[in-house]
Amino acid sequence: MNAQTLITNNESANNAHVQLLFDEPECCGIRVKDLSIFAKKKTILTVDEIRFPKTGVVAIMGPSGSGKSTFLKVMSELMDENLSHKGKIDITCFDATNQKESICSHFAMVWQKPTVFPCSIWDNLKVPLRKRQVARKKWRELMEQALEDVGLMGELDDQWEKQTAQRLSGGQQQRLSIAMGLLKDSNIFLFDEPTSALDPISTDKIEKIIENLGKKKLVLLVTHSLGQAKRVSDYSAMFHNHDDQGALCEFSSSQAFFKSPASPQSREFIMMETGV
Ligand SMILES: Nc1ncnc2c1ncn2[C@@H]1O[C@H](COP(=O)(O)OP(=O)(O)OP(=O)(O)O)[C@@H](O)[C@H]1O
Ligand SMILES: [Mg+2]
């Protein structure tokens, strides 16, 4: 999706540095409005408004504690017990024929630590297919395609289906999680620091997958690596800590963001991270 063809509406944003791109429903994948997230009674994050595209990679950056992970959790309904929220989260990433029973089923999550089930690769991959009620005779072909798409097929044994998922390396487990998201047929992939524990080679593999995913799906990528954000993202969102709570302070195309960050908080963050 070309940022230049999208409508920018700075004036209606409460925060001057949050660009309300994706004004039109056919461009907009997720619209978040007047969102507040609470832990018991304490507000931990507020977002006046942000709109995400239907496809593309959005890097979510910001200091520790600014609410990046909590934001992903609240969107996917994976809330901790003592978290609650008010405000609107509209998801339009699916058409009428692809209705799914809960918000959660729109999302595929990849966390900082790999989260595969303690069983075989086959048994991991069958979970989303069974949930979608895909006919069993199609399973193998779909699984092999998903493993191919994440570059795992050539790295596994011939009898890959029997291999124990948790014996794969950390990077391979991350890619298996992505394969499960592909088989879930998710429109939106949420990544929370997926490469923070990985070596540069594994990181590069995941970044290439993320870039490819962004061509067809919406990817929200929380990252502490400005380099990673610059390499793979089309759009950048910056969170900051303000009055002991998190808030969104900037959203724009990554090209604009990295060329000339608009908010003082982004400038300071980039300066501290890069030393320039
Ligand atoms: N379940 C919870 N109960 C109470 N406080 C919480 C809960 N989850 C998150 N918080 C608080 O919300 C704030 C934001 O946390 P969050 O994990 O979203 O930050 P983050 O931006 O992802 O940080 P990091 O970069 O370190 O991962 C923190 O102050 C955290 O302590
Ligand atoms: Mg986090």
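Analyst: Thr115 is partly exposed, because 13 other C-beta atoms lie within 10 Å of its own, and a residue counts as exposed at 12 or fewer and as buried at 20 or more. This is a predicted model. Thr115 sits in the loop that runs between strand E5 (107-110) and helix H2 (121-131). Its C-alpha is 8.9 Å from that of Gln166. In sequence, Thr115 and Gln166 are 51 residues apart.

Now the helix pair H4 and H5. H4 covers residues 170-183 and H5 covers residues 200-216. Their axes come within 10 Å and cross at roughly 15 degrees. Angles under 35 degrees count as roughly parallel, so H4 and H5 are roughly parallel to each other. The crossing of H4 and H5 is left-handed. On the H4 side, the contact is made by Gly171, Gln174, Arg175 and Ile178. H5 supplies Ser202, Lys205, Ile206 and Ile209.

Last, helix H1, residues 68-75. Six of its eight residues are buried, so H1 is largely enclosed by the rest of the structure. The buried residues of H1 are Lys68, Thr70, Phe71, Leu72, Val74 and Met75. After H1 comes Glu77, which has a positive phi, near 65 degrees.

Methods. Residues are numbered from 1 along each chain as its sequence is written. Chains are lettered from A and ligands numbered from 1 in the order in which they are written. This is a predicted model: local features need pLDDT of at least 70, side-chain atom pairs count only at pLDDT 80 or more; totals for chains, interfaces and linings use all residues. Helices (H or I, at least four residues) and strands (E, at least two) are DSSP runs, numbered from the N terminus. Axes are lines fitted to C-alpha atoms, for helices over the stretch in contact, and angles run from 0 to 180 degrees between N-to-C directions. Angles under 35 degrees count as roughly parallel, over 145 as roughly antiparallel, 65 to 115 as roughly perpendicular and the rest as oblique. A crossing is left-handed if the near helix is turned anticlockwise from the far one by less than a right angle, and right-handed if clockwise. Two residues are in contact if their C-beta atoms, placed from the backbone, lie within 7 Å.
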